[in-house]
Amino acid sequence: KAWEEAINYCENLTLGGYNDWYLPNINQLYSIIDENKYDPTIDSTFQNVVSKSYWSSTTAASNNSDAWEISFENGSDYWCNKTYVRNVRCVR
């Protein structure tokens with residue numbers, strides 16, 4: 001999903017009887033990285049993870065057209081244009 005679609009998707013998600021989901025910020029995504037793992041580099045508590053890039057809700061300070069993402073292949077972060085398609089991990 002593109003960034004704005006990702007935000008809307010999470011905000012409109014009803015899952016497990018909950019409807020208070022949102023797109024996590026970059027610090028929240030960092031908190032679920034497990035640096036002792038690779039491909040995917042994510043805490044094993046989380047299921048259904050692909051080793052791809054996931055959007056955060058954090059806009060890049062240098063350019064409002066970009067947002068931060070984390071790759072769960074290796075735990076690295078990047079910023080990219082908000083029109084790019086990335087994966088989504090909603091939190092509550």
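Contact here means heavy atoms within 4.5 Å, and the model in these views is a predicted one.

View 1. If we set aside neighbours within four places in sequence, S56 is in contact with W3, L23, P24, N25, I26, L29, A67, W68 and E69. Is S56 buried or exposed? With a relative accessible area of 0%, S56 is buried, because the cut-off for that label is under 20%.

**View 2. The side chain of S56 and the backbone of W68.** Zooming in on this pair, a polar atom of the S56 side chain lies 2.8 Å from the backbone oxygen of W68.

**View 3. The buried residues of helix α1.** Helix α1 covers residues 3-11, and its buried residues are W3, A6, I7 and C10. They lie on the same side of α1, because they cover an arc of only 100 degrees around the axis. What do the buried residues of α1 pack against? Their packing partners are β1 and β2, the latter made up of residues 66-71.

**View 4. Strands β2 and β3 as a hairpin.** Here β2 pairs with β3 (residues 77-81) in the antiparallel sense, over five bridges. For a handy landmark, look for W68, whose bridge partner in β3 is W79. Five residues sit between the two strands of the hairpin, where G75 takes a positive phi near 80 degrees.

Notes: Residues are numbered from 1 along each chain as its sequence is written. This is a predicted model: local features need pLDDT of at least 70, side-chain atom pairs count only at pLDDT 80 or more; totals for chains, interfaces and linings use all residues. Side-chain values use heavy atoms; hydrogens and water are left out. Buried means under 20% relative accessible area, exposed over 50%, partly exposed in between (1.4 Å probe, protein chains only). A polar contact is a pair of N or O atoms within 3.5 Å; within protein, one must be able to donate a hydrogen and the other to accept it, and residues adjacent in sequence count only if both atoms are side-chain atoms. Helices (H or I, at least four residues) and strands (E, at least two) are DSSP runs, numbered from the N terminus. The arc is that of the directions from the helix axis to the C-beta atoms. Two strands pair if DSSP finds at least two bridges between them.
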